[in-house]
Every structure is written in structure tokens, then in C-alpha cells.
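Visitor: Hi, could you walk me through this one? I'd like to go piece by piece.

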Amino acid sequence: MQLDGLVAVVTGGASGLGAAIVDGLAAAGAHVVYGDLRDREHNPANTLYHPLDVRDRDSWDDLAAKVRATHGRLDILVNNAGVSTRKDLLDTTDDDWDRILRTNLWAPWTGIRTFIADLTASRNAAVVNIGSIYGQIPPPPPPAAPSSVAYQVSKAGLHMLTRTAAVELAPRGIRVNSVLPGVFVTPLLQTLSDEQLRPRVERAPMGRPGDPADVAAAVCYLAAPAASFVTGVLLPVDGGYTAS
């Protein structure tokens, strides 16, 4: 399989897109260590859970120690953990801003720095950040759900981190790319009413929400040796949303 023998870390791997990414990487032959605040009820073969609070520097160090003790290496880092809030520009509080920016932007930056020596030593080093189409364009107006300015800014920052890291880390042989999901009915969107969700779904020419497996497939491609000349890419997986 395309990832046979490679070791991957996935943050936020217990649910939603993260769980699908963990499953996809494992199915492609990788050994996956996933970090989250909680474990899953059932872990597929070749996966290992380790507690991780992505907002805590010591927690990152604990995860790195576990990966090194278990596998002695790291080839793939997937920065997936993310949070949001349904608050617009003026309703967003200082606490909202700090929590979302630290989770969605500080944490991926910290993850790359934590594992930089391991990735530099790998012959197939790949970082895949999970961004968002809403880091490029604003969501639709009401009756859609309120936007989350902190979330959108955090993802826009993550996209620039991706491109900057791709340039700076290329001499080390480390590729850095982002997948930009469109509308997926994951825990982040499950609280929306049909009236709030419909404008987002209908904006995509394909006219449906995505399947988490679609994001997992994109991550597997960007992480694989088959993408050895692909870096600095922001890859929308959005049913044509941004194209329209």
C-alpha cells in the first residue's frame, strides 16, 4: 500500500474528519498515533491513542516522547485538531479568540517545531494541515449560521503557515501542504438547523455535503511518496464550492 511502513501522527483523531483521516492512513499501511483529549471506542489496527491537548506545550512533548519510544521515527504529521464558535466579529470575546487561535494556528506551528528533528531524519517527510475553504472566502449570509471570524482568521493564518513552512523546510526534505475541506457534516456543523446548513450545501455545484473519507483520501495522497514533488499546495476538497 502507498504508506506501508510509514509512521504518522494525527491530532484531533478521535472524531469527525480526524477519525476518518486516522482510518484512511491506517488502511493505506501507515502506523498511526493519534492525539486527542479523549480516546475512541474502537481503534482500527495499526493505530495508537495518546492523550494530547494541542494548546499545551508539555502535552506535545509527551506525545513526541511516546511516538519515539513506540516507533523511533516520524514520517507524517497531520495537524487536524480544530475548534470554532458561532460568533461574528463583534460578538467574539477575547477568550474565544485566544482559544481558537491557539488551537487552530499555534498548535500546528508547535507541532511542526516539536517534530522537526524526526521529520528531517525521514526520507518521506510530509506535513498535512487541515485548513478550510472559509480561510479563503467568507461563509454565506443569513439564514446560514453566523460566521466565526476567529475560525476564519485562524485558517487563513494556517494557510500562510503552510506556504511559508513549505518554502523554509524544503531544504530539509519536508513537504508541507494543506487540505481545505468544504461543507462536511461533522461535529462542527451537526448543531446547525436544516435552514442554516442548506445555503452552505447548495453553494457547492455538486449539491451535497462531503464524506469525511474524501478528506482522508486527499491527506493520504499528500502524505504519500507519490506526491514527492508536491509542496506548498492548498487543496480544496469542497465539491466545487470555491470554484463557484
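Predicted model: local features only at pLDDT ≥ 70, side-chain atom pairs only at ≥ 80, totals over all residues.

Guide: Happy to. Residues are numbered from 1 along each chain as its sequence is written, and side-chain values use heavy atoms, with hydrogens and water left out.

Visitor: What does Ser147 touch?

Guide: With contact meaning heavy atoms within 4.5 Å, Ser147 touches Thr85, Arg86, Lys87, Asp88, Pro139 and Gln152, leaving out residues up to four places away in sequence. Asp88 is 59 residues from Ser147 along the chain, yet their C-alpha atoms are separated by 5.4 Å.

Visitor: Now another serine, Ser178. Which strand is Ser178 found in?

Guide: Ser178 belongs to strand 6, residues 174-181. Ser178 counts as buried, since its relative accessibility is 0%.

Visitor: So which residues is Ser178 in contact with?

Guide: Setting aside neighbours within four places in sequence, Ser178 contacts Asn129, Leu158, Thr162, Leu222, Val233, Leu234 and Leu235. For Asn129, 49 residues away along the chain, the C-alpha separation from Ser178 is 4.5 Å.

Visitor: Let's switch to the nonpolar side. How many residues are in the largest nonpolar core?

Guide: There are 33 residues, and Leu3, Ile21, Leu25, Val78, Val179 and Val219 touch the most other members. At least two residues each come from strand 1 (7-11), helix 1 (16-27), strand 2 (31-36), strand 4 (76-79), strand 5 (125-130) and helix 7 (212-223). Helix 7 gives the most to this core, seven residues. As for the term, a nonpolar core is a set of buried Ala, Val, Leu, Ile, Met, Phe, Trp, Tyr and Cys residues joined through side-chain atoms within 4.5 Å.

Visitor: Tell me about Ile21. What does Ile21 touch?

Guide: Not counting residues up to four places away in sequence, Ile21 touches Val10, Val78, Asn80, Ile130, Val215, Ala216 and Val219. There is also a second, separate core of 24 residues, with Val9, Leu119, Ala166 and Val176 among them.

Visitor: How do helix 1 and helix 7 cross, at roughly what angle?

Guide: Their axes cross at roughly 50° and come within 8 Å. Axes here are lines fitted to C-alpha atoms, for helices over the stretch in contact, and angles run from 0 to 180 degrees between N-to-C directions.

Visitor: How about helix 2 and helix 3: what is their packing angle?

Guide: Helix 2 (residues 57-71) packs on helix 3 (residues 94-114) at about 40°, with the axes 10 Å apart. On the helix 2 side are Arg57, Trp60, Asp61, Ala64 and Arg68; they meet Trp106, Ala107, Thr110, Gly111, Arg113 and Thr114 of helix 3.

Visitor: Then there's Asp118. Buried or exposed?

Guide: Asp118 is buried, because its relative accessible area is 12%. Asp118 lies in helix 4 (residues 116-121) and touches Arg68 and Leu74, again not counting residues up to four places away in sequence.

Visitor: Last topic, backbone angles. What is phi of Asn46 near?

Guide: Phi of Asn46 is near 70°, a positive value in a residue other than glycine. Most residues other than glycine have a negative phi. Asn46 is in the loop between strand 2 and strand 3 (47-51), and at 41% relative accessibility Asn46 counts as partly exposed.

Visitor: And Ala45, exposed or buried?

Guide: Ala45 is exposed, with a relative accessible area of 61%. Ala45 lies in the loop between strand 2 and strand 3, and its C-alpha atom is 9.2 Å from that of Val32, 13 residues away along the chain.

Technical notes
Buried < 20%, exposed > 50% of the residue type's maximum accessible area, 1.4 Å probe, protein only. Helix = DSSP H or I, 4+ residues; strand = E, 2+ residues; numbered from the N terminus.
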